[in-house]
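Subject: Structure for you to look at

Hello,

Here is the structure I said I would pass on, followed by my notes on it. Please keep it open while you read.

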Amino acid sequence: MGWLGSIFSSKKIQNTDYLNFEKIGTDMHSHIIPGIDDGSRTLDESIALVHKFKSLGYRKLITTPHIMAEVYPNNRELINKGLGNLKRELDRIQLDIEIEAAAEYYFDDTFFDMVKTGDVLSFSDNYVLVEFSFHSEPTNEKALFFEMQMKGYKPVLAHFERYTYFDDFIDKANRYKEHGVNIQLNLNSLTGHYGQTVKKQAEKLVDNDLIHFIGTDCHRMQHLNLLESHAGDYYFSKLNNLQLKNQLL
Ligand SMILES: [Fe+2]
């Protein structure tokens, strides 16, 4: 086989190993309710995003607007109202896809109080998506996760690979896993979108089979386009071999 043959041959292999969005089925991390956080700004933008999710092969979306004290003071009412508006428009244009909403909670005292009172937006089997600060490691996270589990919630730690302050990164991921904390990977971390350190950490999570959920963390169309253009990359195809919980949602 000459050089031309090997190009066609490698392309064929790449296509076969393209990340299988239909098998993933559900995306469980996105910001597509218009106007309530730093994600989609308008209903039209949201509809375009849902179209794109569907064309990639997703059959269900669990969208997760930020809830972060003064920055994004969202609550159950606001989120459900936004979801209702989006669903009505999807019905009107007959864009058929399952869509639900939960939230992405910023780890702080306000969230801790919500957990204590049991007023938390969860998805599926009582999973709750939580994010840490990108700048410094929280100090009382063990108490929080313990409290969550006592209340029957199953914590999902958002984009674990983006916390670059973990110097013992893989040990940390293993410890969280042992303590029942689910680890979520942002797909675009594998593209280098968040920088090379994050990309390396994302690859380590894949190599060590430490991922429970994968999510797009889609805020805008650029995120889905980038994802689509990289879905044949080596590490994306490796995801096809992992047992992910997305398929159970
Ligand atoms: Fe997010």
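In what order do the strands of the open sheet of six strands lie, and how do they pair? The order is S3-S5-S6-S7-S8-S9, and the pairing is parallel. Bear in mind throughout that this is a predicted model.

The edges of this sheet are strand S3, residues 66–67, and strand S9, residues 213–215. Each of them has a single partner strand, so one side of each has no neighbour in the sheet. S9 runs parallel to strand S8 (residues 182–186), and three bridges join the two. If you want to find this pairing on screen, look for Asn186, which stands opposite Gly215 in S9.

There is also an open sheet of three strands, with the order S1-S2-S4 and parallel pairing. Here strand S1 (26–27) and strand S4 (98–101) are at the edges; each has a single partner strand, so one side of each is left without a neighbour in the sheet. Strand S2, residues 60–63, pairs with S4 over four bridges in the parallel sense. Within that pairing, Ile62 has Glu100 of S4 as its bridge partner.

Next, the core. The largest nonpolar core has 62 residues, and those that touch the most other members are Val128, Leu129, Val130, Val156, Ile183 and Leu205. Take Val130 as an example: apart from neighbours within four places in sequence, Val130 is in contact with Tyr105, Phe107, Pro155, Val156, Leu157 and Ala158.

Now the helices. Two packed helices are described by the angle between their axes and the distance between the axes. For helix H3 (residues 43–56) and helix H4 (residues 76–92), the angle is about 65° and the axes are 11 Å apart. The crossing of H3 past H4 is right-handed. H3 contributes Leu43, Ser46, Ile47 and Val50 to the contact, while H4 contributes Asn85, Leu86, Glu89 and Leu90. Sorted by class, the residues of this contact are five nonpolar, two polar and one charged.

Phe53 also lies in helix H3. Is Phe53 buried or exposed? Phe53 is buried, because 23 other C-beta atoms lie within 10 Å. Leaving out residues up to four places away in sequence, Phe53 touches Asp27, Tyr58, Leu61, Ile97 and Leu224. Asp167 is 114 residues from Phe53 in sequence, and their C-alpha atoms are 35 Å apart.

For contrast, look at Ser229 in helix H9 (residues 221–230). Ser229 counts as exposed because it has 10 C-beta neighbours inside 10 Å. Its C-alpha atom is separated by 17 Å from that of His219, ten residues apart along the chain.

Last, two backbone angles. Most residues other than glycine have a negative phi. Gln94, in the loop between H4 and S4, has a positive phi, near 55°. Gln94 is exposed, since 6 other C-beta atoms lie within 10 Å. Asn126 has a positive phi too, near 65°, and is placed in the loop between helix H5 (109–117) and strand S6 (127–131). With 13 C-beta neighbours inside 10 Å, Asn126 counts as partly exposed.

Regards

Conventions:
Residues are numbered from 1 along each chain as its sequence is written. This is a predicted model: local features need pLDDT of at least 70, side-chain atom pairs count only at pLDDT 80 or more; totals for chains, interfaces and linings use all residues. A nonpolar core is a set of buried Ala, Val, Leu, Ile, Met, Phe, Trp, Tyr and Cys residues joined through C-beta atoms within 7 Å. A residue is buried if 20 or more other C-beta atoms lie within 10 Å of its own, exposed if 12 or fewer, and partly exposed in between; C-beta atoms are placed from the backbone. Two residues are in contact if their C-beta atoms, placed from the backbone, lie within 7 Å. Axes are lines fitted to C-alpha atoms, for helices over the stretch in contact, and angles run from 0 to 180 degrees between N-to-C directions. A crossing is left-handed if the near helix is turned anticlockwise from the far one by less than a right angle, and right-handed if clockwise. Ala, Val, Leu, Ile, Met, Phe, Trp, Tyr, Cys and Pro count as nonpolar, Asp, Glu, Lys and Arg as charged, and the others, Gly among them, as polar. Two strands pair if DSSP finds at least two bridges between them.
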